[in-house]
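User: Could you take me through this structure, please?
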Amino acid sequence: MDIIDGAGVEDERAVATGEWGREPHRSGSLRTFGAFLQALREFQGLSRAELGALTQYSKHTVASVELGRRMPDDIFVDRADTALGNTGALRKAARHLGRGGKGLAEWFREWARLEREAVSLCTYECRLVPGLLQSEAYARAVFDNSIPLLTEEQTEIQLAARLKRQAMMRERSTVPFSFIVEESVFRRRLGGAQVQCSMLDLVLDITAPRNVTLQVVPLELEFHGCLDGPVRLLETKEGKRIAYSEGQQNGRLISDPKEVSLLCRRYDTLRSQALNPKESRDLLERLRGEL
């Protein structure tokens, strides 16, 4: 491939498509991948210009990737891996790359990216209504309860991100969505009765399509398969199952097959213990009528 003014043809293609533009927010995964790339390059005794020549990209592109400023495309990753020992380490690391998402917690961004492409999604929640089912008023009440308090601008940014993420519920009408939520979550009047009404209305509406299943865990349940807390599960196009667990100020993406398998068993157990979809819908309609 010809090198033009120190930049590869692939650089020109990327600039033309906008794919290689500078990322507006450097995500943690981009910074980590960049540091990993730099460490491998230095271990091989190569300069950025030398790695650029081997990959047929410019030294400036190499620098931008190493600094977490650019999302590397598949061709760059493949060539860099080959040039730096052909171990497959960079190719594997690139699978976990995610762009920064304005309004989304940094630890959640990679999961948000994965769920947009998943062929199925399962969510168990015991703290609050899942983000994909929140009405605008309910989401605003959640953000109003943040500690430390958010500014109005921060609230609007986070609200916009949540509603944008929620849009995939209607856009992906053939993807199975499964939700299991504790009854106590729907009884908690976060934001007041009016907010609760809007939330229940939206939940009933958004879970009506045949690809969406909602089950409520009743208060009187004597056995419970998911006492360790909330969990999310998804299946990728390649048939791989991935889980996500979230706590106070942190989140963890789980790809270890044994651990994911255990979480799937817990979810399946709770699904058999919860109310069925019709019973769950009847319960929410009763709660709505009580307000």
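Analyst: The following turns go from the whole chain to the sheet and then to individual residues. This is a predicted model, in which local features need pLDDT of at least 70 and side-chain atom pairs count only at pLDDT 80 or more, while totals for chains, interfaces and linings use all residues. Residues are numbered from 1 along each chain as its sequence is written, and side-chain values use heavy atoms, with hydrogens and water left out.

User: How many helices and strands does the chain have?
Analyst: The chain has 14 helices and eight strands. Helices (H or I, at least four residues) and strands (E, at least two) are DSSP runs, numbered from the N terminus.

User: What share of the chain is buried?
Analyst: Of the 291 residues, 45% are buried; buried means under 20% relative accessible area, exposed over 50%, and partly exposed in between (1.4 Å probe, protein chains only). The chain exposes about 15400 Å², and carbon and sulfur atoms supply 50% of that area. These accessible areas come from the Shrake-Rupley method with a 1.4 Å probe; for residues, only the protein chains shown count as cover.

User: Which strands form the open sheet, and in what order?
Analyst: Six strands form it, in the order β5-β4-β3-β6-β7-β8, with mixed pairing. Two strands pair if DSSP finds at least two bridges between them. The edge strands, β5 (212–217) and β8, each pair on one side only.

User: How do β7 and β8 run, and how many bridges join them?
Analyst: Strands β7 (residues 241–247) and β8 (residues 250–254) run antiparallel and are joined by five bridges. Within that pairing, Ala243 has Ile254 of β8 as its bridge partner. Two residues lie between the strands of this hairpin, where Gln249 takes a positive phi near 60°.

User: What about β6 and β7?
Analyst: Strand β6 (residues 231–235) pairs with β7 over four bridges in the antiparallel sense. Here Leu233 stands opposite Ala243 of β7.

User: Which strands does α7 lie across?
Analyst: Helix α7 lies across β3 (120–125), β6, β7 and β8, and runs at about 40° to β6. Arg109 belongs to this helix, which spans residues 109–117. Arg109 counts as buried because its relative accessibility is 16%. The C-alpha atoms of Arg109 and Gly28 are 9.3 Å apart, although 81 residues separate them along the chain.

User: Changing topic: at what angle do α3 and α4 cross?
Analyst: The axes of α3 (residues 48–55) and α4 (residues 59–66) cross at roughly 110° and come within 8 Å. The two helices are therefore roughly perpendicular to each other. Helix α3 contributes Arg48, Ala49, Leu51 and Gly52 to the contact, and α4 contributes Lys59, Val62, Ala63 and Glu66. Contact means heavy atoms within 4.5 Å. Axes are lines fitted to C-alpha atoms, for helices over the stretch in contact, and angles run from 0 to 180 degrees between N-to-C directions. Angles under 35 degrees count as roughly parallel, over 145 as roughly antiparallel, 65 to 115 as roughly perpendicular and the rest as oblique.

User: Is Ser58 buried or exposed?
Analyst: Ser58 is buried, at 6% relative accessible area, and sits in the loop between α3 and α4.

User: And what does the side chain of Arg41 make a polar contact with?
Analyst: It is the side chain of Glu66, at 2.6 Å. A polar contact is a pair of N or O atoms within 3.5 Å; within protein, one must be able to donate a hydrogen and the other to accept it, and residues adjacent in sequence count only if both atoms are side-chain atoms. Arg41 lies in helix α2 (residues 28–43) and counts as buried at 7% relative accessibility.
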